[in-house]
Amino acid sequence: MAKGWEIGELDPNSPTREVARKIIQTKFCEAFSHREAVVANADIEAVHNMRVSLRRLWAAMRIFGVCFDKEPGFDRLISKTRKLARRLGSVRDLDVLIEMLQIKLEKSASTNEEQAALNHLLEYCQRRRDKQFQKLLEHLAKLQEKDFEVEFLDFFANLDSALSIATIPSY
Amino acid sequence: MTDHSDSNLIRQEISFRDNARDVLSDVLEAFYSHAPHDSADSEALHELRIAAKRLRYSMEFFESCYGKRLNNYIESIKELQELLGNIHDCDVMIELVQKRIKKASGSDLPAETASGFNEIIIDYERERAQLVETFTVLWSRKFNRGFKTRLLKVLAADGGREEE
């Protein structure tokens, strides 16, 4: 799994809202840095990485939500983040099952019956994975069409002028 | 309206550092409230896994307030999470196979495949039992022996202001 991005130069003595904003911005950029690899579908780790980053982002938005939830649009962002994390989760959960079944098939399937059953389950999980992955791609395309990334980053960049935006990470 | 229940722990008017101790203490308490009475109970272990994830993420968010003093605690939680995750994976797999068995009854699935399902369930139940045993040992050796007290001491050290 990819290492999480460091939240550069945090001053713990700063107002909570300012630090929370940096954490959320960094986690968002970290999550979407995996987008291309997810769409390419060349490595199942990409889905895993994006899911983990999004779950951390969602956790940060929940924990620090009180700092932002009076702002119009925050609820929408948190709900979209949650939905995307769920879509990624639906694919990842099947990747885990497929991996477990493959390992068992290669290493410890002892009888023909067990091998036949494992192959059946593998095909079943792979079919479901393909369907869920297609849904994920459609979801990502829809988010892109609606400029979700811009909406998200703009929301946190424009909260108020007192907060520096110089440290927004690029990806 | 989205549920922001975790937000209730944060006080906006104080600094990030001053929030750290209160939030982490609360999340730690919540984690221990899920301490399992029955290690074989899937639902209880699932709840503990979720609470562990919340504790780990919270510690990572507030890590900057404590220098490196949270590192070992985060590592311990990661170890626990991985173990609980593997137990959960076995539960999900067993459930999946059971569903396939139900679906297969009365279908034209080859008899060979249908009987193989039971062998798979037995395998994963055995694997799960071993993981639960490892969990029980880890929980009693690490999390039931001073983990909470030591972490609370770190958190109470003036909001992490003490020098390393």
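How many aromatic pairs does a search of the whole structure find over all chains? The count is 23. A pair here means rings of Phe, Tyr or Trp (its six-membered ring) with centres within 6.5 Å; planes under 30 degrees apart are called stacked, over 60 edge-to-face, and the rest tilted.

Hello everyone, and a quick word on the ground rules. This is a predicted model, where local features need pLDDT of at least 70 and side-chain atom pairs count only at pLDDT 80 or more, while totals for chains, interfaces and linings use all residues. Residues are numbered from 1 along each chain as its sequence is written, chains are lettered from A and ligands numbered from 1 in the order in which they are written, and side-chain values use heavy atoms, with hydrogens and water left out.

Let's start with one of those aromatic pairs. Phe74(A) and Phe155(A) are tilted, at 6.1 Å centre to centre with 35° between the planes. Phe74(A) sits in helix α4 (residues 74-107) of chain A and Phe155(A) in helix α6 (residues 148-157) of chain A, so this contact ties together parts 81 residues apart in sequence. Helices, by the way, are DSSP runs of H or I with at least four residues, numbered from the N terminus. Buried means under 20% relative accessible area, exposed over 50%, and partly exposed in between, with a 1.4 Å probe and protein chains only. Both rings also belong to one aromatic cluster, whose members include Phe28(A), Phe32(A) and Phe152(A).

In chain A, Glu30(A) and Lys27(A) meet at 2.8 Å, N to O. They are three residues apart in helix α1 (residues 16-32) of chain A, which means a separation of about one helical turn. Glu30(A) is buried at 2% relative accessibility, and Lys27(A) is buried at 6%.

A second bridge joins Asp93(A) and Arg51(A), with the closest N and O atoms 3.4 Å apart. Asp93(A) lies in helix α4 of chain A and Arg51(A) in helix α3 (residues 44-63) of chain A, so the pair links parts 42 residues apart in sequence. Here Asp93(A) is partly exposed at 39%, whereas Arg51(A) is buried at 15%.

Which residue of chain A forms a salt bridge with Glu60(B)? The partner is Arg56(A), with the closest N and O atoms 2.8 Å apart. This pair crosses between chains, from helix α2 of chain B to helix α3 of chain A. Glu60(B) is partly exposed at 22%, while Arg56(A) is buried at 7%. In chain B, salt bridges that share partners join Arg11(B), Glu13(B), Arg21(B) and Asp22(B) into one network.

Asp41(B) is in the loop between α1 (16-32) and α2 (42-62) of chain B, with a relative accessible area of 33%. Over in chain A, Lys135(A) is placed in helix α5 (residues 112-145) and has 40% relative accessibility. The C-alpha atoms of Lys135(A) and Asn41(A) are separated by 13 Å, with the two residues 94 apart along the chain.

How values were computed:
Helix = DSSP H or I, 4+ residues; strand = E, 2+ residues; numbered from the N terminus. Salt bridge = Lys/Arg side-chain N within 4 Å of Asp/Glu carboxyl O.
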